[in-house]
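Please look through the sequence and the model shown here before reading on.

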Amino acid sequence: MASVSIPPPSPIASDASASTSDPVTSPGSSSPAPPPVDYPNPFSPPHIDPEEEEEEEEEANIGDPPKLDESFEDVASQPTSDSSLDASSTTPTLQPVPATTSSSPPRVAENDAALALSLLHLSFNQDHGCFAVGTDRGFRIYNCDPFREIFRRDFDGRGIGVVEMLFRCNILALVGGGPNPNYPPNKVMIWDDHQSRCIGELSFRSEVRAVRLRRDKIIVVLDNKIFVYNFADLKLIHQIETVPNPKGLCAVSQQQGSLVLVCPGGQKGQVRVEHYGSRRTKFIMAHDSRIACFALSQDGRLIATASSKGTLVRIFSTVDGTLIQEVRRGADRAEIYSLAFSSDMQWLAVSSDKGTVHVFSLKVNLGLTANDKPRPASDPNSPTQSSHLSFMKGVLPKYFHSEWSVAQFRLHENTHYIVAFGHQKNTVIILGMDGSFFRCQFDPAAGGEMKQLVCYNFLKSESF
């Protein structure tokens with residue numbers, strides 16, 4: 001039997017005793033995934049089948065069973081008077097660093113702002129209340145509203161290329177990145193911030209492109225494969241073959257219950273939807289060109305897709321693959337950077353390399369498809385700017401009867417921005433790979449240009 005080693009602690013971690021468990025073997029098959037089980041707690045060591053051990057394809061090592069803080073309360077309400085991690089606590093929590101109680105950004109040391117810092121990764125957590133930043137020195141966690149840095153972990157000049165949060169708890173998934181990675185780029189390290197060390201790892205034969213977390217699952221995305229693991233024991237339950245996926249495109253539902261996973265399909269322009277509860281697979285031919293970006297609603301019922309052309313965004317039902325709505329970003333080609341549904345599924349936000357963030361109104365509650373949905377009567381004041389030349393629909397190009405965005409916010413072109421809807425009504429959070437943080441508000445009735453509420457540089461923690 002292969003030996004098992006606990007991953008070494010990071011440079012900032014303190015030594016701690018840990019019990020070991022047997023390695024987890026991978027089934028190594030692509031058979032339909034079984035229905036998911038409720039999130040087990042506490043974590044129990046996996047059972048090893050000696051006959052399967054020789055067929056192990058990806059190695060998983062797990063140390064001490066992770067303990068999750070299930071409170072998930074707003075980090076702004078967490079105590080800020082003590083930045084240390086209490087090792088004697090029986091329930092580990094995500095502790096913030098000292099910060100002011102106001103909404104103003106925290107100040108950092110002047111020499112920190114003076115040193116050049118390279119961003120390697122930027123992502124929201126599952127409820128869009130926090131965001132994670134991977135840099136060539138470590139990673140940082142921020143709160144969105146009010147904006148402030150919660151904590152940072154520096155690894156002596158070694159980089160983190162992927163940081164995936166699990167809501168607001170102490171467990172994160174890390175992948176090394178940059179010219180001097182802190183971990184091998186082919187490994188997913190499970191980081192327990194309560195212990196300030198890695199407690200488990202998943203090793204692969206190629207570079208990890210992305211990681212997605214749920215309370216009960218870990219999803220790892222490689223160039224041509226996606227692996228789905230149980231969070232409890234790191235047991236591989238499903239693997240999926242995809243077209244080349246260098247962006248690591250993958251989305252999972254986050255509501256409690258059955259898992260819905262969306263990934264690129266086996267051919268250009270296709271998306272694959274895995275319904276783990278009903279053990280069904282649905283393929284949707286979303287575009288003629290390759291898929292460039294997609295987003296899944298929290299409940300897994302809707303998916304928004306964009307192709308490499310970047311002109312149209314389509315919204316489909318994941319249940320039957322029906323095209324529900326089609327909206328137009330613009331007429332010229334663009335690279336779509338991110339798509340995001342609002343929590344009530346009434347709005348869709350889109351960012352691209354053109355430097356404009358668009359907000360579209362969704363009509364998914366009508367239960368109608370794109371072909372039979374009634375068009376509103378002509379109203380020049382309507383914020384949803386669809387063309388009123390319907391009588392020439394058969395003559396004019398499709399462009400003239402497209403559905404356009406309700407609200408817009410203009411930024412710098414060719415800067416990579418990602419978007420999400422804020423917890424305040426009709427607000428959008430925008431994060432840039434240049435370190436910019438924007439919170440904007442749109443008027444759902446009047447539409448037009450969004451109003452900028454706040455703007456910070458989260459790398460320097462200075463107001464613009």
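Helices (H or I, at least four residues) and strands (E, at least two) are taken as DSSP runs, numbered from the N terminus. On that basis the secondary structure of the protein consists of two helices and 31 strands. This is a predicted model, in which local features need pLDDT of at least 70 and side-chain atom pairs count only at pLDDT 80 or more, whereas totals for chains, interfaces and linings use all residues. Residues are numbered from 1 along each chain as its sequence is written, and side-chain values use heavy atoms, with hydrogens and water left out.

Of the 464 residues in the protein, 56% are buried, where buried means under 20% relative accessible area, exposed over 50%, and partly exposed in between (1.4 Å probe, protein chains only). If a contact is taken as heavy atoms within 4.5 Å, residues 24 or more positions apart supply 49% of the contacts with a separation of 6 or more.

Strands count as paired if DSSP finds at least two bridges between them. Strand 10 (residues 210-213) and strand 11 (residues 217-221) run antiparallel and are joined by four bridges; Ala210 has Val221 in strand 11 as its bridge partner, and a hairpin of three residues connects strand 10 to strand 11.

A disulfide is a pair of cysteine sulfur atoms within 2.5 Å, and by this rule the count is zero. The sulfur of Cys144 has its closest cysteine sulfur in Cys130, at 6.4 Å, which is too far for a bond. Cys144 is buried, with a relative accessible area of 3%, and Cys293 is also buried, with a value of 6%.
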